[in-house]
Each structure stands twice: as C-alpha cells, then as structure tokens.
Amino acid sequence: MVEHLYLHVPFCNKICSYCDFAKTGYQERLVEKWLKVVAKELEERVFDTELATIYIGGGTPSSLSVQQLEALLLLLKPYTKKIKEYTIEANPESLSIDKLYILKSYGINRISLGVQSTHQELLDMMNRSHCYTDVKEVIAHCIQVGICNISVDLMYSLPNQTMQQWEETLYDIVQLPITHISLYSLTIEDNTVFKKKQYESLPIEMETKMYQKAIHICTQYGFIHYEISNFAKDGKESLHNKAYWKYKDFYGISLGASGKIQQQRYDNTRNFKSYLNHEYIQTSYQEDEKEVMFNMIMMSLRMKEGLSLSEFKRVFQKDIMDVYQKPLQKLLELKYLVIENQYLKCQKDSFLFLHDILIEFLD
Ligand code: SF4
C-alpha cells in the first residue's frame, strides 16, 4: 500500500535565478487546463486513498488564485481521510490570508516557506519577490489561521554571500515561531540565469564552514538536527520527507514529479504539451534488489536515526551484516558508523563524509 503522495504545481509568478525545476510563468487559463489533467491523472493513477502524507510542492503552489487552490484541494480531498501531515509549499509574497483560510479548511496542517535569505541584496540577486518583512508577516498569518507547523527553506553558498550574512540570516530565522528548517547548498545548474551570468557558488571550504555554522546555530536554538540538511523542533520532523529517506513508496503526480511504486521508479514528463495530452510518464525504471538495498541505505543514513536493521530484514528477508559484511566491518571499525538499538547510523560528524561512506557499500 502506498501512503505518500507528492503533487507538483508547475507555476511561478517570477523565475528565480538559480532554478531548474519544472515550472512555467503563471497563466490563468493554463492553470485551468492543468487542473483538469491533474484530476484525470489522480483518477487514473492513484489507487490507495488512505494516505498518511501529501506534499504539494512546486513551482509555487501559492501562485494559484484562491479559487484554483480550492479546486486543487477538492481534487485531493478523497485522499485525505487518514492524513497525518498535509504540506503545501508557498512563497511569502503570494500566501495571502484568504488563501491560508482555504488551506486550513481543507486540512493543510503544514506550510513550507521558500525564504532562502533575509538579506535583501541576496534576495534581489536570486530574483526573489519577497522581503524579510513579508516572511515575518506571513508566519504571523499562518499562526493566526491555526497552521502552526511551519518550515523554512534557506540557501547558502550563494555567489558572494559572506559568512556574516549567513549567520545573520540564521539568527533571524531561528528566532521566528517556526518548527522546521531545511538547508540547501546552491548548485549552479545549466539553463539558469546564474549559469548564464557565469556566477559561481562558494569554494567547498566556505560551504562546509557555512554548513557547520548552521548546525551550531540551529541546535543552539532548540532545533534537532535530524537529517543531514534538516532541523526540527521536537516532534516536528517532516513525516513526508522521512518517507523518502526510509525509501518508502510514493506517488508523484503532475508535471516533473517523480514516484516509486514496488521498486518501479518513474519520472513524469517536464513537457507541458505532453502533460496536457495526458502523456504523464516520461521514463520508468525497475530497480533490482541490490539497487533497492543500496538506495535504502543511502537514504536512511541521511537521517540521524539511521537505518532500521529490522526493517531491512523485513523488506529483503536478509540480514544486512550478511549482505554487506566487508564494508560494514570496516566502517564500524573506523567508527564512521555505529549500531545503536538496532539502528545503523552515522557517528557524530560523519555526515560530512557520507559520500565516502556510501562508496564503500558500492564495492
Ligand atoms: S519559486 Fe521555486 S520553482 Fe519557482 S522559480 Fe523560484 S525556485 Fe523555481
């Protein structure tokens, strides 16, 4: 049974300089057409209705009008009977109080805000539309309507970003009434404005220092570092993202979304014309057992809690110590990994070497 669903809203009011996600500029009529295809895709491809988590991401879901948001939430309503976590991404400037009331009335209980920085010059460089005042205002509005589980996305290693700017952003954010912080280190992708302008992210040494600074400040302010790049107040870890990291199955719906069902991974098309013609899936791929094992280890070790050894045994009917005897022996001896309470996990500070750790499992 699949318990998780991601739905991608491929519209944005403005295009950010670093973005290579599947998205297009907001056009009212295109949204109307897209909604009709989403309705059909849900009907044709989502068979389990007792979902535990739904994540509406983007793009910018909050770029939709109040009526369009309501139409989308109505399409998802049949799947929300047993929902535990229902998240929507939003940009601060487009999440009006009217939209928040609609979200609340359909059971949305978590907002993920694209904040990125609290420094205006960095926001301008990224072509973001909001300012720090918008962020504070929208968080107050979320709480006013009763959506108090609020996550904030932040970016670091931005071109010319200083350590002082990063520290100030972190201190601004940790003092807000939020429950969760996700960090993203900038990668400059092809076909982005940053690439065209030949901007560069910061050297790796600086990036590492910024990451360590974030760990220091977030944990100092009561956020638990529960995954490589994610921090949460007690009990507010993202259930949806944890499903990805535990390598659970999930539906991916709409343009550019990916999903995984019974070892079959698929990527939906990023081409609007194809999507509107109901040609949803662009590629699909059946993973063999070894790949599933490796991916489960790779994703689980991102979390502080690590990989459940009993879950590994339940899924594969094999003991991980038998399958990966050599690498495990080596990594446990080096104390990069530890086993505690039947969980295999990274030793403190080993997150920084996760890439090297995982290579051992590939041999
Ligand atoms: S809002 Fe998000 S999806 Fe839209 S352009 Fe910016 S980064 Fe990309």
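Let's start with two helices: the axes of α1 (residues 28-45) and α2 (residues 66-76) come within 10 Å and cross at roughly 5°. That makes α1 roughly parallel to α2 (angles under 35 degrees count as roughly parallel). This is a predicted model, in which local features need pLDDT of at least 70, side-chain atom pairs count only at pLDDT 80 or more, and totals for chains, interfaces and linings use all residues. Residues are numbered from 1 along each chain as its sequence is written.

**The helix pair**
- Val31, Leu35, Val38, Ala39 and Leu42 of α1 meet Gln68, Ala71, Leu72 and Leu75 of α2 (contact: C-beta atoms, placed from the backbone, within 7 Å).
- The residues of this contact divide into eight nonpolar, one polar and no charged (nonpolar: Ala, Val, Leu, Ile, Met, Phe, Trp, Tyr, Cys and Pro; charged: Asp, Glu, Lys and Arg; polar: the others, Gly among them).
- Axes are lines fitted to C-alpha atoms, for helices over the stretch in contact, with angles from 0 to 180 degrees between N-to-C directions.

**The sheet**
- Nine strands form an open sheet with mixed pairing, in the order β9-β10-β8-β7-β6-β5-β4-β1-β11 (strands pair if DSSP finds at least two bridges between them).
- β9 (224-227) and β11 (251-253) stand at the edges with a single partner strand each, so one side of each is left without a neighbour in the sheet.
- Helices (H or I, at least four residues) and strands (E, at least two) are DSSP runs, numbered from the N terminus.

- Strand β1 (residues 4-9) runs parallel to β11, joined by three bridges.
- Tyr6 stands opposite Gly252 in β11.

How values were computed: Parallel < 35°, antiparallel > 145°, perpendicular 65-115°, else oblique. Contact = placed C-beta atoms within 7 Å.
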